[in-house]
Amino acid sequence: MIDVDEIRERRAAVLGRMAAAAERSGRPAEAVTLIAVTKTWPAELVIAAHAAGLRHVGENRPEELAAKRPIVEAALGAECGLVWHLIGPVQSRKADLAATHADVFHALERDKIARRLAAARPNGRPLPCFIEVNVSGEAEKHGLAVARWETDATQVANLRKMISDTAAQPGLPVVGLMTMAPWDAPPEVIRAVFRRTRALAEQVTDLLPQPGGPRLSMGMTDDFEIAIEEGATHVRVGRALFGERGL
Ligand SMILES: *Cc1c(COP(=O)(O)O)cnc(C)c1O
């Protein structure tokens, strides 16, 4: 496992690349949040990431989040300033774990899950959500089907309904859209997916009225610069910070 100094260097390099991409999109570096994806790594890596200055962490499985967060908080204290993002899909039987342990949820795609999350959220503490959208249309991708949204009005209508139904639940504000680009596609194909996600978000801004406009969670190790150039406000980066996950 890599150490604090190496994470600090890698963090600085990623932040530098992010700032340059933000500048190319006409935005300040602070407009984009770096979420350090710590999935598959032990709690010790999250503690090292915190020491290296990272404050947003991403986990893709509720059970892994629920196991790791208490260990990290036992070591650093609950007020250590870490924000825990759940970036992967949640099945109904895991909704309680997600509602208890996540601070932000990036992969909402079904109303049933929204209802379960709202019901299980402790003390009505808000859980900001991104709706995950499948813009590329790949069968194996999660997210609401919107691959033909420009020509199929029902796809936009479905998204609008998903946003309103979620926002009608207590404590589940919808802040924006999340998407994943195809693996191994040429850069122009990846860019088109991000650009179309942003254009789709513009179709629903009236339902996402927070200051600064809809948030866009898009971009990972291999494509975060393209995502930022196309308007990402949150990038989810694992390997560029911590190296290859040993699976
Ligand atoms: C694993 C994962 C990431 C990070 O992937 P890297 O290629 O390691 O940057 C981002 N988003 C989601 C949803 C993931 O599951």
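**Spaces in the model**

Guide: The largest cavity holds about 30 Å³ of space, where a cavity is a set of points, on a 1 Å grid over the protein atoms alone, at which a 1.4 Å probe fits but cannot get out. Volumes here are the space filled by probe spheres set on the points, with points joined across faces, edges and corners. Please keep in mind that this is a predicted model, in which local features need pLDDT of at least 70 and side-chain atom pairs count only at pLDDT 80 or more, while totals for chains, interfaces and linings use all residues. Residues are numbered from 1 along each chain as its sequence is written, and side-chain values use heavy atoms, with hydrogens and water left out.

Visitor: Which residues line that largest cavity?

Guide: V90, F105, A107, L108, E109, R110 and I113 line it, each with an atom within 4 Å of a point. Strand β4 (residues 104-108) supplies the largest share, three residues.

Visitor: Switching topic, where is the ligand?

Guide: The ligand takes up the space of the largest pocket, a pocket being an open set of points with protein on both sides within 12 Å along at least five of seven lines. About 430 Å³ of space lies in this largest pocket, and of the 20 residues that line it, K39, N60, M180, W183 and M220 are the closest to its centre.

Visitor: And what surrounds the ligand itself?

Guide: The residues around the ligand, with a heavy atom within 4 Å of it, include V37, N60, I87, M180 and G238. By class, this shell has five nonpolar, three polar and four charged residues.

Visitor: Which side chains have an N or O atom 2.8 Å from a ligand oxygen?

Guide: The side chain of R239 has one at that distance from an oxygen atom of the ligand, and so does the side chain of R245. For K39, the distance from a side-chain N or O atom to a ligand oxygen is 2.7 Å.

Visitor: How much of the ligand does the protein bury?

Guide: Taken alone, the ligand exposes 390 Å², and the protein buries 94% of that, with areas from the Shrake-Rupley method and a 1.4 Å probe.

Visitor: What about the second largest pocket, how much space lies in it?

Guide: About 200 Å³ of space lies in the second largest pocket, and its lining includes S25, R27, E229 and T233. Helix α7 (residues 187-203) gives the most to that lining, with three residues.

Technical notes: A polar contact is a pair of N or O atoms within 3.5 Å; within protein, one must be able to donate a hydrogen and the other to accept it, and residues adjacent in sequence count only if both atoms are side-chain atoms. A molecule sits in a cavity or pocket if more than half of its atoms lie within 2 Å of its grid points. Ala, Val, Leu, Ile, Met, Phe, Trp, Tyr, Cys and Pro count as nonpolar, Asp, Glu, Lys and Arg as charged, and the others, Gly among them, as polar. Helices (H or I, at least four residues) and strands (E, at least two) are DSSP runs, numbered from the N terminus.
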